[in-house]
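These are my notebook entries on one structure. I set down what I looked up, entry by entry.

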Amino acid sequence: MTSADHDACVADLKRCIALSENMAVLDAGSGTGALCLALVRIAGLRITALEPCSAMNALLELRPELRCVTTVQGFCDHADDRQHFDAESFDLIASRQLANCLFDPLAAFRNWYSWLRPGGAVVVMDGLFDRHDWSGTWDGVVDTLPLSACRTTATVPYLLENTGFRIDFVGLMDHTNALPSTRTQRYMVAATKPQG
């Protein structure tokens, strides 16, 4: 991703969520740090990256601009994954292109709900992928991932709401989608864990 990609991601985030200094932020499914590279542009965030693949974590940790990011290896979409963090550890949980790869989105969203402080927010950024978008080594995986070919912005908010979140925003990522590097339309869902 280029600097323009990261700037567009930050601009899209700021449309739906207030980001402030000292917020504890979890990048769920961080990969090699694409979302982290956008988040470090916002001063004062305390960022943790959760990623199951050791090779991706190693690449993330090699990036000098991400030295301030704490990395944790693990998945988030099984009930056992809740042990990665204490309850109410984060003010914000964000994911970029993770929802389409979750084997159990409801388990992930339940874990996120537990990890968020009351009043905390979750932001899911993903693509409106079709079946044909999964090819090569990914061919066949589409039939094991419930959100992999989800051509609607309605499913993720529905699942988040059923987990207990209040939906605050659902829409396309206009800044990201305007870039020539974006081949598949991206959308974003923001939701809040209610107080009390």
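**Entry 1: helix 4**

I listed the buried residues of helix 4 as Pro 105, Ala 107, Ala 108, Phe 109, Asn 111, Trp 112, Ser 114 and Trp 115. I took buried as under 20% relative accessible area, exposed as over 50% and partly exposed as in between, with a 1.4 Å probe and protein chains only. Helices (H or I, at least four residues) and strands (E, at least two) are DSSP runs numbered from the N terminus. I note that the model is predicted: local features need pLDDT of at least 70, side-chain atom pairs count only at pLDDT 80 or more, and totals for chains, interfaces and linings use all residues. Residues are numbered from 1 along each chain as its sequence is written, and side-chain values use heavy atoms, with hydrogens and water left out.

Why do I call helix 4 largely enclosed? Eight of its eleven residues are buried, so the rest of the structure largely encloses helix 4. I then looked up the cover over these buried residues, which includes strand 1, strand 2, strand 4, strand 5 and helix 5 (155-163); contact here means heavy atoms within 4.5 Å. Helix 4 (residues 105-115) lies across strand 1, strand 2, strand 4 and strand 5, and runs at about 145 degrees to strand 5. For such angles, axes are lines fitted to C-alpha atoms, for helices over the stretch in contact, and the angles run from 0 to 180 degrees between N-to-C directions.

I traced an open sheet of seven strands in the order 3-2-1-4-5-7-6, with mixed pairing. Its edge strands are strand 3 (70-73) and strand 6 (166-172), each of which pairs on one side only. On average, neighbouring strands of this sheet are turned by 15 degrees against each other, direction ignored. Two strands pair if DSSP finds at least two bridges between them.

Strand 1 (residues 24-28) pairs with strand 4 (residues 90-96) in the parallel sense over three bridges; I found Leu 92 in strand 4 as the bridge partner of Val 25. Strand 5 and strand 7 run antiparallel and are joined by seven bridges, and Gly 127 has Arg 186 in strand 7 as its bridge partner. Strand 6 and strand 7 also run antiparallel, joined by six bridges, with Leu 172 opposite Tyr 187 in strand 7.

**Entry 2: strand 7 and helix 1**

I checked how enclosed strand 7 is: seven of its seven residues are buried, so the rest of the structure largely encloses strand 7. Arg 186, Met 188, Ala 190 and Thr 192 are buried on one side, and Tyr 187, Val 189 and Ala 191 on the other. Helix 1 (residues 3-16) lies across strand 5 (116-127), strand 6 and strand 7 (186-192), at about 40 degrees to strand 7.

**Entry 3: Ala 154**

I placed Ala 154 in the loop between strand 5 and helix 5. Its relative accessibility is 46%, so Ala 154 counts as partly exposed. Between Ala 154 and Gly 171 I read a separation of 17 residues in sequence and 9.8 Å in space, C-alpha to C-alpha.
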